[in-house]
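Thanks for making time this morning; I would like to walk through the charged side chains of one model. Please have the viewer open while I talk.

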Amino acid sequence: MYRTVKATSGRQIFQPLHTLRAAEKELLPGFHQFEWQPALKNVSESYNVGIINGLSGWTSSLDDSPADTITRRFRYDVALVAALKDLEEDIMEGLRDTGMEDSACTLGFRVMIKECCDGMGDVSEKHGGGPAVPEKAVRFSFTVMSVSIQAEDEQEEVTIFTEPKPNSELSCKPLCLMFVDESDHETLTAVLGPIVAERNAMKESRLILSMGGMPRSFRFLFRGTGYDEKMVREMEGLEASGSTYICTLCDSSRAEAAQNMVLHSITRSHDENLERYEIWRTNPFSESVDELRDRVKGVSAKPFLETQPTLDALHCDIGNATEFYKIFQDEIGEVYKNPNPSREERRSWRAALDKQLRKKMKLKPVMRMNGNYARRLMTMEATEVVCELVPSEERREVLR
């Protein structure tokens, strides 16, 4: 299929046909041809984009540290395409398993993306030879959670791929690494700004990508559910966790939550937070700071990345473990027989529990429940260790 072409020198050279050259490019690692319909707003149409400066698109005005060292990232659409191509075999197999006609399924693919963003802690240089950069780092990443398809004549959506280990770091694709402190709202907004712009553009468009040798059309749904509480507050412009408004999901204050432990409805949405920020910024009713703050319920910075109102897994783990840690003590002391124990008795049960956990599971007692302790405490292994201290077999069974 190669045709010979006379070169200007008169020697014959081989030049591959157009189709062959395209096929060769497709085989190069990391090269995937794709297009968006309609084209993405403010995003270049070139698809062979590698790692870029995360501040590309911003004029450099960050004085305190050299802007070109602050962040590196992939372009969001290019990264999504690479992630989908990695899953090509699984997606095609999913199509075959559902008995769909491969060639008929070119439209109607929907891809669910979970986004995560978290601080990576202190990354300071020990001997400081490099450029002056902030000593904290933040990583923004995403996971392809599922791919589904709705065939043209079908009512139901069929899921053809689900990520088997959605919480594993192996399925979590890094998109952007930045030298920023996660509580520095302004710099974080500046760095994530271009990502937010690309994400918003992709919501309005369809990706056309070759899958299994045929062009197919994908739409993306973004769910910002991989943030911890601190980051949700950061992204949604809420006051920090010491605020009177204690919840990222609803507007309850500390006093209200203490009175009412049960009835809360999810009231904080991204759009609503944006409206509240506008009220905070413009103060249309000329109120005092306290009145204004009460009106916007602690939204005092601009929300810039849409998150989903959920309770993050870490705080679920900690909440569960804290509750069970109390239950374990009550079971060790058989509170059901003696409903009004003294403080000394309670203290002795706690000491017994801590000693047992330290001896059998190498778990040191903690002042405040943290994530790693919580996860260890909620294992089968811990159940058995605790049950050794519970006197009655019947109660052990219930506890298990």
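Predicted model: local features only at pLDDT ≥ 70, side-chain atom pairs only at ≥ 80, totals over all residues.

Lys203 and Glu306 meet through their side chains in a salt bridge, 3.1 Å from N to O, a salt bridge being a side-chain nitrogen of Lys or Arg within 4 Å of a carboxyl oxygen of Asp or Glu. Lys203 lies in helix α4 (residues 185-203) and Glu306 in the loop between α8 (289-296) and α9 (313-332), so this pair ties together parts that are 103 residues apart in sequence; helices here are DSSP runs of H or I with at least four residues, numbered from the N terminus. Lys203 is partly exposed at 31% relative accessible area, and Glu306 is partly exposed at 29%, where buried means under 20%, exposed over 50% and partly exposed in between, with a 1.4 Å probe and protein chains only.

Residues are numbered from 1 along each chain as its sequence is written, and side-chain values use heavy atoms, with hydrogens and water left out.

By the salt-bridge rule, the count comes to 26. Among them is the pair Arg295 and Glu287, at 2.9 Å from N to O, in which Arg295 is partly exposed at 38%, whereas Glu287 is buried at 18%. Another is Lys360 with Glu388, whose closest N and O atoms are 2.6 Å apart; Lys360 sits in helix α10 (residues 343-361) and Glu388 in the loop between α12 (380-387) and α13 (393-399), 28 residues apart.

Note on methods:
Helix = DSSP H or I, 4+ residues; strand = E, 2+ residues; numbered from the N terminus.
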